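User: Please look at the model shown below and answer some questions about its helices, its chain contact and its backbone.

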Amino acid sequence: MTSIVQIKDLKKVYEGGFEALKGVTLDIEEGEILALLGPNGAGKTTLISTVCGITNPSSGSVSVGGHDVVTGFRGARRLIGLVPQEINLEPFLKVWDSVAFSRGLFGKGRDDAYLEKILKQLSLWDKRNARVMELSGGMKRRVLIAKALSHEPRILFLDEPTAGVDVELRKEMWDVVAELKASGVTIILTTHYIEEAEAIADRIGVITKGELLLVEDKTSLIKRLGQKQLKIELSDPCDAIPEALSAYALDRVDDGHALIYTYDTQAERTGITQLLSDLAKTGLHMSDLQTMQSSLEDIFVGLVKEDAA
Amino acid sequence: MNLSAVWAIYYSEMARFFRTLAQSFISPVISTSLYFVVFGSAIGSRIDQVEGVSYGAFIVPGLIMLSVMTQSLSNASFGIYFPKFIGTIYELLSAPINYFEIVLGYVGAAATKSLFIGLVILGTASFFVDLQIQHPIWMLAFLVMTCISFALFGFIIGIWAQNFEQLQLIPLLVVTPLVFLGGSFYSISMLPAAWQTIAMANPVVYLISGFRWSFFGLADVPVAVSLMAIGGFMVLCLGLIWWIFRTGWRIRS
């Protein structure tokens, strides 16, 4: 794969000295969905704003499709569509006019057939003559996406596309994103919903306090950083963890009806065989066994906590 | 040059003008007609002539300038302030356009609207008074230059303003008094000597004087000075706008 966006040592210091980005380096591959995960104030929106030209970088460089975003801003911006976090739309405009305006602004000639296609794709065709202020919140978000897609961009930035929307609409948005990916659009989305990143991203970047902690393939990230837990359900409850099992750092749960063993999947030995053998020696009888994989959320919380420590 | 973007902004701004036709077009026509009734007929009937021109006709250039200046200011300042206020400015900042193209779109539309209003007022005035324009080309040139330079000034106000109160501050507290005191309804020569000297510090005097000259051949200051004043004002505004976009002042963090 080739990088369509290259960010090198990007720093952003706001007036007043707040360092929003502390030297971010990131390559975004063409055709992928990259989710930037981070808590509020992590620098996600600043990073997107700097790539898109809304914020001036303090130092470092950003190249989009081979065009520097400062010196070759026209070439770079033509490739980018941006869906902002806030619903920023002119309320009095009709949906069609609003989308057509965006297309013109990005230097594209009139193409009614293309606009019709994206409005239909986003289920907005029936509302094309409605004024923006007459639409529901979900519809307005879709108008923002339609505007961002109006000039046929190769890269789409979605800044918290599902912040504050209901579950149904969130799923609809994910479907839209999947369709866009299928059509070859590179998608970068910021979110603080772990499940969103887990559901739709190919790669995940974790950003906090202006630093990119890691960028990795979603599956390998979960696998690499994931911890597994073994739940041993007991036939008879135990009052305390037997001394002979103290080395395993077990957690007693369900009023002593079960024990939890946490282990590293990447370790040379998981210790499960020895644990079960030692368990049998203590006279405890197990009725069932169950393993659980830690979620991306657990990984994320762990990473951010680690960084704060 | 991204002409498509310039057109998109221009078209969108003009569409707003036609969407709010009553506010943008009918109200200045009505208020100008009222000026004619009050100043032209009621007061004008007691003033014979000013420098050989009937008072009703004499105030026409001043009235047009009054409307054109205030309309250019308000149209251009609102045009760029509104996207800032509702947040749609992000689209302008992330689009492949440079500052000159943004200015061309917004200022071009604001200037077109006020030019249109100016010409409508001229037409309305012709129903009230007998008008003869001695230098029609110059009249049009002065009108267009005033529309453009005040739209540029309005654009700066729109970027500077951080709320609606500030948006109105300069037009109401600075420009309107300067226009009223700039000889819209009288000749500067009618003022006492000391006030004539003070009036020369009012830049609007030069614009109204030049414009009035194009109608009647009468001027409070030489026409060349008027032209230099308006040209200088335009260059000053363009310089300020260039600086605003270069530094991103109040638009780009």
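User: On the other side of α4(A), which residues are exposed?

Analyst: This is a predicted model, in which local features need pLDDT of at least 70, side-chain atom pairs count only at pLDDT 80 or more, and totals for chains, interfaces and linings use all residues. Residues are numbered from 1 along each chain as its sequence is written, while chains are lettered from A and ligands numbered from 1 in the order in which they are written. A residue is buried if 20 or more other C-beta atoms (placed from the backbone) lie within 10 Å of its own, exposed if 12 or fewer, and partly exposed in between; helices are DSSP runs of H or I with at least four residues and strands runs of E with at least two, numbered from the N terminus. Across from the buried residues Leu115(A), Ile118(A) and Leu119(A) of helix α4 (residues 112–121) of chain A, the exposed ones are Ala113(A) and Lys120(A).

User: Within what arc do the buried residues of α4(A) fall, seen down the axis?

Analyst: The arc is that of the directions from the helix axis to the C-beta atoms. The buried residues of α4(A) pack against α3 (95–105) and α5 (137–149) of chain A. They line one face of the helix, because they fall within an arc of 100°.

User: At roughly what angle do the axes of α5(B) and α6(B) cross?

Analyst: Axes are lines fitted to C-alpha atoms, for helices over the stretch in contact, and angles run from 0 to 180 degrees between N-to-C directions. The axes of helix α5 (residues 99–128) and helix α6 (residues 136–160) of chain B come within 8 Å, and their crossing angle is roughly 130°.

User: Is Asp254(A) buried or exposed?

Analyst: Asp254(A) lies in the loop between β12 (251–253) and β13 (258–264) of chain A, and its phi is near 50°, a positive value in a residue other than glycine. Because 12 other C-beta atoms lie within 10 Å, Asp254(A) is exposed.

Terms used: Two residues are in contact if their C-beta atoms, placed from the backbone, lie within 7 Å.
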